[in-house]
Amino acid sequence: MTPIKETLLQLFISLMPFVMYNIYYRDNKHNHTKSFILITASLSLLLSMTFAAGVENGIFFDARYILMYFSIMFGGIAVGSVVFAEFIIYRLLLGGDGTYVAILIVAFTFPLSVLFYKLFQQAKRLSLITFFAGIVISSVPFLISYLYFDPDYFVKHLGFHILVLPIQNSIGIWLLISLFSKSVSDKKIFVSYLENEKVNTISHVAASLAHEVRNPLTVVKGFLTLIRERPAPDEKVARYIDISISEIQRTESILSEFLSISKPLSGGLERTNLSELLHIMMEVMSSYANMNNVRLEVSRPDDPVWIMANPDEIKQTLLNFIKNAVEACSAVSNGKVALRLDTVMQDALLFIEDNGVGMKQEQINRLGSIYFTTKSSGTGLGLTFSYQVIRTLGGTISVHSEPGEGTQFTITLPLLSE
């Protein structure tokens with residue numbers, strides 16, 4: 001049972017980059033970096049070599065080929081070279097009879113890994129390349145070990161060599177590359193759809209914004225025409241100019257607020273006034289609500305409501321919730337969306353209530369799940385993003401809804417301690 005246990009341990013260690021990726025990047029809006037690949041592959045290699053399998057002193061068998069191939073596939077040749085150098089140094093420190101043959105084997109498998117890396121970049125059937133790479137890279141250490149070591153030693157431990165070298169390495173390469181590729185692919189799709197969802201949302205708001213901006217521009221144009229065509233007393237002209245300036249400032253404010261939500265999301269948390277952001281989003285979304293014949297009401301404290309958050313992410317989250325609420329009311333008469341911000345103990349409570357179409361319990365249970373949406377068009381990633389933002393900040397979301405009776409979202413976020 002010992003060889004099986006050691007093989008399973010090595011396979012588990014080799015899968016650590018996949019596990020760490022899913023933990024670290026689960027709520028991250030970006031995909032992996034070369035630094036992440038280097039750190040995870042290096043750490044896994046050190047653990048694998050430290051707890052290596054072996055049947056005689058000085059001869060070690062670990063997941064070096066799996067992790068080196070992985071580091072080249074997802075980090076590139078430069079990252080793979082660093083992991084290669086790490087292996088050489090640590091193997092020399094460990095010493096033993098198998099030191100030089102181990103270095104010789106890696107000297108063969110490294111260029112093979114680079115070759116498969118280049119094939120992988122061009123191939124269409126990636127699973128086939130991965131499977132073939134696992135077989136070839138596993139065969140090299142098996143053959144060189146057979147030629148290098150005494151035949152009696154190899155025959156004596158034949159079962160161990162058959163299990164550890166070909167099976168462990170080929171299965172390990174296939175498992176790690178396949179699982180990691182799937183996770184990376186899913187993250188790419190999520191990030192891409194998230195950006196598209198934001199663009200689609202902003203384009204809808206922009207259409208209503210253009211309608212809203214025309215009103216003050218029409219007023220300014222009218223007063224300028226009056227000043228030019230109908231001479232009036234100075235005090236009247238001054239009043240026309242004051243009104244025009246006021247309308248221009250209002251237009252500038254609306255455009256500034258729109259631009260603040262349309263810029264790319266920035267990283268980092270900072271002291272954020274949730275009450276002020278709610279006011280900004282009300283100004284931005286009021287035109288969209290008007291265009292859909294929905295009344296938008298906001299109630300918020302006069303005092304600031306401070307939370308620790310990323311302002312851009314909070315704006316996008318509020319935009320997603322308000323837009324969904326407005327669209328839920330667009331098909332009913334006297335549509336209304338009410339937003340209320342309160343503070344209770346150490347929490348900020350935001351209530352978003354509409355009198356729209358409502359939802360069934362089955363739909364409520366799936367809210368926030370990736371790609372789930374109650375709308376006929378859309379990806380559902382807007383709410384997925386919003387749920388992730390709130391949960392990352394230590395907040396919660398509760399939903400109460402009945403078909404035909406509207407929906408109420410209750411968002412709880414921890415207040416910033418003074």
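**Close-up views of the predicted model**

**View 1. Helix α7 and its buried residues.** The buried residues of helix α7 are I129, T130, A133, G134, I137, S138, V140, P141, I144 and S145. The structure shown here and in the other views is a predicted model. Helix α7 covers residues 126-148, which is 23 residues. An α-helix has 3.6 residues a turn, so residues three or four places apart point the same way. Among the buried residues of α7, I129 and A133 have that kind of spacing, as do I137 and P141.

**View 2. The five-stranded sheet.** Five strands make up an open sheet with mixed pairing, in the order β4-β6-β7-β9-β8. Its edges are β4 (294-299) and β8 (396-402), each of which pairs on one side only. On average, neighbouring strands of this sheet are turned by 10° against each other, direction ignored. Helix α11 (residues 274-291) lies across β4, β6 (335-344), β7 and β9. The helix runs at about 170° to β4.

**View 3. Strand β7 between its two partners.** Strand β7 (residues 347-354) is joined by eight bridges to β9 (residues 406-414), and the two run antiparallel. Within this pairing, A348 has L413 of β9 as its bridge partner, and L350 stands opposite I411 of β9. Strand β6 is also joined to β7 by eight bridges, again in an antiparallel arrangement. Here A338 is the bridge partner of E353 in β7. How much of β7 is buried? Six of its eight residues are, so the strand is largely enclosed by the rest of the structure.

**View 4. The hairpin of β6 and β7.** Two residues lie between the strands of this hairpin. M345 takes a positive phi near 55° in the hairpin.

**View 5. Strands β3 and β5.** Strand β3 (residues 270-273) pairs with β5 in the antiparallel sense over four bridges. E270 stands opposite A309 of β5. A309 belongs to the covered face of β5, together with I307. W306 and M308 form the uncovered face. In a regular strand the side chains alternate between the two faces of the sheet.

View 6. N310 is found in the loop between β5 (306-309) and α12. The residue is buried, with a relative accessible area of 2%. A polar atom of the N310 side chain lies 3.0 Å from the backbone nitrogen of D312.

View 7. Buried or partly exposed: which applies to K323? At 5% relative accessibility, K323 counts as buried. E327 is partly exposed, with a relative accessible area of 21%, because the cut-off for buried is under 20%.

**View 8. The salt bridge of D62 and R64.** D62 and R64 form a salt bridge in which the closest N and O atoms are 2.7 Å apart. D62 is buried at 3% relative accessibility, and R64 is buried, also at 3%. How many salt bridges are counted in the model? The count comes to five.

View 9. D342 forms a salt bridge with R340, and the closest N and O atoms are 2.4 Å apart. D342 is partly exposed, with a relative accessible area of 26%. R340 is partly exposed as well, at 36%. Salt bridges that share partners also join R295, E297 and K336 into one network.

**View 10. I245 in helix α10.** I245 has its place in helix α10 (residues 234-262). Its relative accessible area is 42%, so it is partly exposed. P216 is 29 residues from I245 along the chain, and the C-alpha atoms of the two are separated by 9.9 Å.

How values were computed:
Residues numbered from 1 in each chain as written. Predicted model: local features only at pLDDT ≥ 70, side-chain atom pairs only at ≥ 80, totals over all residues. Heavy atoms only, no water. Pairing = 2+ DSSP bridges. Axes fitted to C-alpha atoms, helices over the stretch in contact; angles between N-to-C directions. Contact = heavy atoms within 4.5 Å. Buried < 20%, exposed > 50% of the residue type's maximum accessible area, 1.4 Å probe, protein only. Expected span 1.5 Å × (residues − 1). Salt bridge = Lys/Arg side-chain N within 4 Å of Asp/Glu carboxyl O. Polar contact = N/O pair within 3.5 Å; in protein donor to acceptor, adjacent residues only side chain to side chain.
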